[in-house]
Amino acid sequence: MIIDGVFSGGGIKGFGLVGGLQVLEEKGYTFQRTAGTSAGSIIAALVVAGYSSKQIEELFRKIDTDDLLDRRRGWSQLPFAKWLLLYWKLGLYKGDALEAWVAEQLKMKGVVTFQDVPPNSLRIITSDITNGRLVVLPNDLSHYGIESQSFSVAKAVRMSCSVPYFFEPVKIKTGNQTNVFVDGGVLSNFPMWLFNTDRGTRERPVVGLKLTGDEVGKPHEVDNPVEMFTALFKTMTNAHDSRYISKKHVDNIAFIPMKGISGLDFKLNEEKKDELIQRGRVYTAEFLKKWKY
């Protein structure tokens, strides 16, 4: 069966999405279109480029995830270096290594720009914090005077993965203004709404793979500035999508619990990777037993 797929953000927990993707493929589902945010944008781009779920697993296992954390040379020895980077660069890590890795994998399938994928087959979410705008790539590039077909798919993924204060944001200049883009999860971590038509209908079945946190619905403790920032960020990443999911199409979503796993733990060992992939497989298989399309 041909379906559309939506993949949530979740950082390094994206290994769980790989497991879910494998089960869908094994059951005979293929994707016409994909969409994703942050880690989900990586999966979405690789699927549209032509990678199978097994090939994606191989790619993920080959990379030393810690290598994606590209520190600036000479900074590590300086006192308070991390705080200086946050102040001047707005991120602890450059993010160039992540973009280069994505670009390399896509190029092996002949994909460099959006011109190299079927029209409307791939959509990636990022957040324009300069203008306070949720941005869908490549569709919204015209707002910035950019030709969408010539835009790098790897750059779009990099924009979607720019976790605030962790990776440096992507800056794009238009005229006299510099626009700053960060992780799409700030505004929509799970864009199930993307494949609706103007009338609210869908062209074909849509399946979403959503990585969930420790305890859904648990109140945030807010007793100090750090907890307040954490609560604010979680509210931003979940509020829009939770409202949408609570009303529509819950039955089309495979929820994959990721309790006890940090999305920014880039030092995963093979055993932990196996665990995350297996979680994706188990919960997606359970979802398919009940799914009615």
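How many helices and strands are there in the protein? In this predicted model, the protein contains eight helices and 10 strands. Of its 293 residues, 50% are buried. The protein exposes about 14900 Å², of which 53% is supplied by carbon and sulfur atoms.

Serine 53 was examined as an individual position. This residue lies in helix H3, which comprises residues 53–62. The relative accessibility of serine 53 is 3%, and the residue therefore counts as buried, the cut-off for that class being under 20% relative accessible area. When residues up to four places away in sequence are not counted, serine 53 touches Val18, Leu21, Gln22 and Glu25.

The packing of two further helices was also characterised. Helix H5 (residues 96–107) packs against helix H6 (residues 153–160) at an angle of about 140°, and the axes of the two helices are 8 Å apart. H5 is therefore oblique to H6, since only angles over 145 degrees count as roughly antiparallel. The crossing of H5 and H6 is right-handed. On the H5 side, the contact is made by Asp96, Glu99, Val102, Ala103 and Leu106, and on the H6 side by Val153, Ala154, Lys155, Val157 and Arg158. Classified by residue type, the contact of H5 with H6 has six nonpolar and four charged residues, with no polar residues.

Key: Residues numbered from 1 in each chain as written. Predicted model: local features only at pLDDT ≥ 70, side-chain atom pairs only at ≥ 80, totals over all residues. Heavy atoms only, no water. Helix = DSSP H or I, 4+ residues; strand = E, 2+ residues; numbered from the N terminus. Buried < 20%, exposed > 50% of the residue type's maximum accessible area, 1.4 Å probe, protein only. Areas by Shrake-Rupley, 256 points an atom, 1.4 Å probe, with all protein chains shown as cover. Contact = heavy atoms within 4.5 Å. Axes fitted to C-alpha atoms, helices over the stretch in contact; angles between N-to-C directions. Parallel < 35°, antiparallel > 145°, perpendicular 65-115°, else oblique. Left-handed = near helix turned anticlockwise from the far one by under 90°. Nonpolar A, V, L, I, M, F, W, Y, C, P; charged D, E, K, R; others polar.
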